[in-house]
Amino acid sequence: MYSMILAQVAQGSKTQSTYSMLFMFGAVFAVMYFLMIRPQQKKAKEHEKMLESLQVNDKVITASGIIGVITNIKKEKNTITIRVDDNCRIEFQRSAVIGKLENE
């Protein structure tokens, strides 16, 4: 009789430990989501908004560190042309722009 009671108590603790383990996995996932995934999605959304707001004569910087002024935007090809110097124009994919700079 005593061994049956111990077996039932042991079975109850296994179920309880399973639930607590699942709860911990859920809590870790929630923390990862709010500390890593959500801020990255927010930053990507802001970058996309910045890319959509680009206009001719905006001063920009590319991912490769090139600074120039936008001279042409081709929406169908998703590219922009940047004037780096008086006689130098370079065509980039729109996604290569990482930021807008203030015109001096």
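Helices are DSSP runs of H or I with at least four residues, strands are runs of E with at least two, and both are numbered from the N terminus. With that rule I get one helix and five strands for the protein, in the order α-β-β-β-β-β from the N terminus on.

Ground rules for my notes: this is a predicted model, where local features need pLDDT of at least 70, side-chain atom pairs count only at pLDDT 80 or more, and totals for chains, interfaces and linings use all residues. Residues are numbered from 1 along each chain as its sequence is written, and side-chain values use heavy atoms, with hydrogens and water left out.

Next I looked up burial (buried is under 20% relative accessible area, exposed over 50%, partly exposed in between; 1.4 Å probe, protein chains only). Of the 104 residues, 18% come out buried.

Then salt bridges (a side-chain nitrogen of Lys or Arg within 4 Å of a carboxyl oxygen of Asp or Glu). I count two.

Asp58 pairs with Lys100, with the closest N and O atoms 3.6 Å apart. This one links distant parts of the chain, 42 residues apart: Asp58 sits in the loop between helix 1 and strand 1 (59–62), Lys100 in strand 5 (residues 97–101). Asp58 is buried at 15% relative accessibility, while Lys100 is partly exposed at 39%.

Glu91 pairs with Lys74, closest N and O atoms 3.7 Å apart. Here strand 4 (residues 88–93) holds Glu91 and strand 2 (residues 67–74) holds Lys74, 17 residues apart. I noted both as partly exposed, Glu91 at 43% and Lys74 at 24%.
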